[in-house]
Amino acid sequence: MAAASRTPSRWGEIALLCAICLFCVFPFYWMVTTSLKTQVVALQSPPAWLFTPTLQNYIDVLVEDRMGFALMNSMIVSVSTTALAVCLGCPAAYALARFEFRGKTDLWFWFITNRFVSPVVLAFPVFMIARETGLRDTHIALILMYLTFTLPIVIWICTDQFRSIPYDLDEAAQLEGASQWRIFRSICLPLAMPGVAVSAILSFIFAWNELLFAYILAPKAAKTAPAMAVTFMEGYSVPYGKIMATSTLIVIPVLIFALLASKHLVRGLTMGAVK
Amino acid sequence: MSTRVNRRTLLAFLGPSVFALLAVGVVPLAYAVWKSFYYFNLTKLSRSEFIGLDNYATVLTSGAFWGAMGRTAMLFITAVPIQIAIGLCIALVLHRPGLTLFKTLTRLALVLPMATTYAVVGLLAQVMMNQKYGVFNQMFGWIGIDPINIIGDPTNAFIGVVFWDIWQWTPFVALVLLAGLTTVPPEIEEAARLETKSNWIVLRHVQLPFLIPSLVAVLILRTADTLKLFDMPFTMTRGGPGNATEFIAVLIERIGNRQFDIGLAAAHAIIMLAITVVLARIYISLFYKDVR
């Protein structure tokens, strides 16, 4: 522990920080380098650290294994559910921040409780309902089910954002005779845009990463990228390079978004209990 | 500081999202409660019948359920203390003044594991922990340890899951605790540092009281997320070998998706939900006191 040394050397601290970074980043390094190996190189024992890189795995997974198709499905589902969550969630967040009504805290707690519910609790009932309504294996089924976690995230973060907007603005607009909807749409929503953007990024990350609903509800036509990745492990000869190329393709979008929203990821994961 | 509005306005603002969340979050639960009273297996639909509380009795007396719960608890007990210990060290280092650039980079690096697609973590485990071609065994070789069958051995596979859980969630714990450390008023910390040179005393008597809320948040959220844990062990081992890494969510998936016993899976799900709601209630009562 850093507490042990009384006159800590800067170099020790730098070395520690480098070790932390290395621990976090090494699996990604290994993932990307393995994705650039041919199957022959990937099956060297012990593993090779120096080799001639090739992009063949990427071409293979995108063309032959329909990974492009799965990535497109993931993109359609994640973007749609995020857009839907923002459209539904912003007005609700505004109401929670500004209006006075009975049952407000209960409603608020219900939204937060959704953070704790395991997808496996909902997956099979939804599977049955989707079977009966013909929604099985459609984008719509996934887009709707992902609302169970994207909507609470949007509502929570946006409520916080609306609360930070001075109430005087509302009052001034009310005196001018503006309707609540007008105040929300023209005054508060534009000011709340940073919070809306953060909540949209977090929604996208969580939707993109989701596996269980996708695996159970969308076996073929609407199969998403993580569900596709799982099926690679089935079968006898395991194509390491292709698996890691697939993983790289899946992970890149979320990592970019995570870095963009790095200051807010923890806030989103704790539903704001930790700022 | 809030506006009284008429019913129609309220409904216009709140109605759509409440309706949506009822439809996707509550209707399926009602369906699950209903089916949990039936013998309902997709491969034996003709034998479906009302069996009352039998499914619940089966869950609570089955070795599979308690075994999975035990493994889930074991994962929590082994992984979370390590996450807290390492996370606290990282938070304390990042909290020290100076080296701003290095620390900003470290904080960015910390964000990566917890954003990584959980299923991909399982794939990484498969590739990096392979007995013959994996880099882990290569590294073991450097320090003179013979190759270990990690994925194929029950105990080692469990340790493997613990390792990746630590990799993925230690950064989260570190950042939550770091946020906790910043709640210590600087003047109090400075005054304490004038009194003593020992970092340990400062941590124990000055910083720790401010860290308690963060630690409680970590414990509750890690409990909920360990109960949810599915993607990583599923892609890594499918719950095996045997049932060594069959955690509660993986078990429910197996009952529903591979044994097709929807009624029994529903009973499991309802019991899980009850645990979840209790956890959420505790979390809410501790952390949202100031919500008006």
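Predicted model: local features only at pLDDT ≥ 70, side-chain atom pairs only at ≥ 80, totals over all residues.
1. Overall make-up of the chains. Chain B contains 12 helices and three strands, while the secondary structure of chain A amounts to 14 helices and one strand. Along its principal axes, the C-alpha trace of chain B spans about 75 × 70 × 30 Å. For chain A, the C-alpha atoms fill a box of roughly 75 × 70 × 30 Å along the principal axes.

2. Burial and contact range. Of the 292 residues in chain B, 56% count as buried; in chain A, buried residues make up 60% of 275. Among contacts in chain B between residues at least 6 apart in sequence, 67% join residues at least 24 apart. In chain A, residues 24 or more positions apart account for 77% of the contacts with a separation of 6 or more.

3. Extent of the interface. The two chains bury about 9900 Å² between them, and 77% of this area lies on carbon and sulfur atoms. On the side of chain B, the residues that lose the most area to chain A are B:Phe13, B:Leu21 and B:Tyr133, which together supply 8% of what that side buries. In terms of residues, 108 of chain B are in contact with 111 of chain A.

4. Polar features and composition of the interface. Two salt bridges are counted between chain B and chain A. Across this interface there are 11 residue pairs in polar contact, both residues being at pLDDT 80 or more. Helix 1 of chain B, residues 7–35, gives the most to the side of chain B that touches chain A, with 18 residues. By class, that side of chain B has 79 nonpolar, 18 polar and 11 charged residues.

5. The salt bridge at B:Lys103. Which side chain of chain A meets B:Lys103 in a salt bridge? The partner is A:Glu13, with an N to O distance of 2.8 Å. B:Lys103 lies in helix 4 of chain B, and it counts as buried because its relative accessibility is 6%, below the 20% limit for that class. Leaving aside neighbours within four places in sequence, the contacts of B:Lys103 in chain A are A:Glu13 and A:Leu17. Within chain B, the residue is in contact with B:Val93, B:Leu94, B:Arg96, B:Pro97 and B:Gly98.

6. Strand pairing between the chains. Strand 1 of chain A, residues 99–100, pairs with strand 1 of chain B, residues 3–4. The sense is parallel, and the pairing is made over two bridges. Within it, A:Phe99 stands opposite B:Thr3.

7. Is B:Thr117 buried or exposed? At 0% relative accessibility, B:Thr117 counts as buried. Its side chain is joined to that of A:Asn209 by a polar contact of 2.7 Å. Apart from neighbours within four places in sequence, B:Thr117 is in contact with A:Trp208, A:Asn209, A:Pro226, A:Ile250, A:Val251 and A:Val254.

8. B:Thr182 lies in the loop between helix 7 (154–181) and helix 8 (186–195) of chain B. It counts as exposed because its relative accessibility is 55%, over the 50% limit for that class. A polar atom of the side chain of B:Thr182 lies 2.6 Å from the backbone oxygen of B:Ala179. The C-alpha atoms of B:Thr182 and B:Leu211 are 9.4 Å apart in space, although the two residues are 29 apart in sequence.

9. Positive phi values. Most residues other than glycine have a negative phi. A:Asp137 has a positive phi near 60° and lies in the loop between helix 6 (119–133) and helix 7 (139–163) of chain A. A:Asp137 is buried, with a relative accessible area of 18%. B:Leu99 has a positive phi near 50° and is found in the loop between helix 3 (63–95) and helix 4 of chain B. At 19% relative accessibility, B:Leu99 counts as buried, since the class takes in values under 20%.

Note on methods
Residues numbered from 1 in each chain as written. Chains lettered and ligands numbered in written order. Heavy atoms only, no water. Contact = heavy atoms within 4.5 Å. Buried area = accessible area lost by both parts, 1.4 Å probe. Salt bridge = Lys/Arg side-chain N within 4 Å of Asp/Glu carboxyl O. Polar contact = N/O pair within 3.5 Å; in protein donor to acceptor, adjacent residues only side chain to side chain. Helix = DSSP H or I, 4+ residues; strand = E, 2+ residues; numbered from the N terminus. Nonpolar A, V, L, I, M, F, W, Y, C, P; charged D, E, K, R; others polar. Pairing = 2+ DSSP bridges. Buried < 20%, exposed > 50% of the residue type's maximum accessible area, 1.4 Å probe, protein only.
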